[in-house]
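Hi there,

Here is the structure I promised to pass on. My notes follow below it; please have a look when you get a moment.

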Amino acid sequence: MTNKTVLHAKHLASGAKMVDFYGWEMPINYGSQIEEHHAVRTDAGMFDVSHMTIVDVQGTDAKDFLRRLVINDVAKLTVPGKALYTGMLNEAGGVIDDLIIYFFSDTNYRLVVNSATREKDLAWMTKQSIGFDLTITERPEFGMIAVQGPEAIAKVGTLLSAEESAAVEGMKPFFGVQVGDLFIATTGYTGENGYEIIIPESAAEDLWQKLLDAGVAPCGLGARDTLRLEAGMNLYGLDMDETVSPIAANMAWTISWEPTDRDFIGRDVLTAQKAAGDQPKLVGLVLEEKGVLRTAQKVITEAGEGIITSGTFSPTLGHSVALARVPRSVKVGDVVEVEMRKKLVKVTVTKPSFVRNGKKVF
Amino acid sequence: MSNIPSELKYATSHEWVRLESDGTATIGITEHAQGLLGDMVFVELPDIDDSVSVGDDVAVAESVKAASDIYAPVSGTVVAINEELEDAPELLNSDAFGGGWLFRVKLDDASELENLLDAEGYKNSIDED
């Protein structure tokens, strides 16, 4: 059974090449994924992300539940609309999923989780919610469109009503606001400014068409992957999974260690890992010569072997970049080797982030 | 359905061959093949004067999706390579049968061309994929 988003017919009308993405028939590109990539870095592009899973957590114990469920601390969220990126761990300290949590009040939160992990996420949340007074409600009746790029906010702005414009005016990054039927958030997965817009399914096609008419380029999963990788953002299933600690996946910044008495799932394991200092780490790799670094290629360092978790050609930089998990003692600036198509190539270790707001950042 | 020019010869591994008036043969990959690979980002070509035999992996087309070996469809000596591909690998996508040509060989044995598929044979081979 293949799922289709509410925008499926719009993709076909724009000439999309469709692929199966964890049970969803989604556009991989509309002709050229590199042109779509450049549209987002230099102008504005949009992605159908309606396959992603929206879950509302509401009730008296919503805050206490989320303080236990995820590694970041939702108690840090005090301004309505503020969003938080974090991870949800199993008891062994492995990442069940990464997610964004929007705060509306101490009794009302919205979570956006990956579609590929939807069933296990919901099952885990339901299991962990026993004893808490709250409801967990999936919201499949919404579509979601991510509009990203330096001109994204201006182009969306031409389509908003006076009330909607007023609501998003001056909204800082990583916030969301409900205005009428739309939930508009300044979040994204590209390293550019823009919005993620959650919209009732009945209105999604109309908004997509208006964005097309406003000159926003439709972009597929191919460009979404090269954009997120340039931005150094993890993809669940490649850069981390249930066997990987957030400390080994460049997610340590999303762990809130204080207050020390907050008993989040996986805390004891992470505390021991931190003390031991023996977890590998996620770094960036840059290949200046010809060739493309790819997932699962072996990395050879003086401190031992590592592995490329995601690799691609970077359209913005004109050469290949990758995220790789390597021994912790490997340092930024080190030159290490990657086994690529039967030969060894030299690559430079960087921080795991390559492009932000259209510019090289390493 | 992608374009398959009738004047060319084809290998099942998606290379095309055009016999030139001077007796050399120009080689590229088909429009169908570039469509499968997606946007090209690098092309590795043989060197001029390289001797190639049928079936040798002599070039690589690397796209956003994968690196793909290109096999010599005929034997001979490389007499020209398409240097424009160094800066414009996307020619393989936009003009697979023209500006996206890869290399040209002086044939060792012109009768090898008879072992290749004609347009209809190639069309049948990709329909079976």
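The side chains of B:Glu62 and A:Arg294 are joined by a polar contact of 2.9 Å (a pair of N or O atoms within 3.5 Å; within protein, one must be able to donate a hydrogen and the other to accept it, and residues adjacent in sequence count only if both atoms are side-chain atoms). This is a predicted model, in which local features need pLDDT of at least 70 and side-chain atom pairs count only at pLDDT 80 or more, while totals for chains, interfaces and linings use all residues. Residues are numbered from 1 along each chain as written, chains are lettered from A and ligands numbered from 1 in the order written, and side-chain values use heavy atoms, without hydrogens and water.

B:Glu62 sits in strand S6 (residues 57-63) of chain B; strands are DSSP runs of E, at least two residues, numbered from the N terminus. With a relative accessible area of 5%, B:Glu62 is buried (under 20%, 1.4 Å probe, protein chains only). Beyond four places in sequence, its contacts (heavy atoms within 4.5 Å) include A:Gly291, A:Val292 and B:Phe42.

Over in chain A, strand S7 (residues 108-113) has five of its six residues buried, so it is largely enclosed by the rest of the structure. S7(A) pairs antiparallel with strand S4 (residues 53-58) over six bridges; pairing takes at least two DSSP bridges. Six bridges also join S7(A) to the antiparallel strand S6 (residues 95-105) of chain A, and S6(A) and S7(A) form a hairpin with two residues between them. A:Asn108 is the bridge partner of A:Gln58 and of A:Ser105.

Best wishes

Definitions and conventions
Helices (H or I, at least four residues) and strands (E, at least two) are DSSP runs, numbered from the N terminus. Buried means under 20% relative accessible area, exposed over 50%, partly exposed in between (1.4 Å probe, protein chains only).
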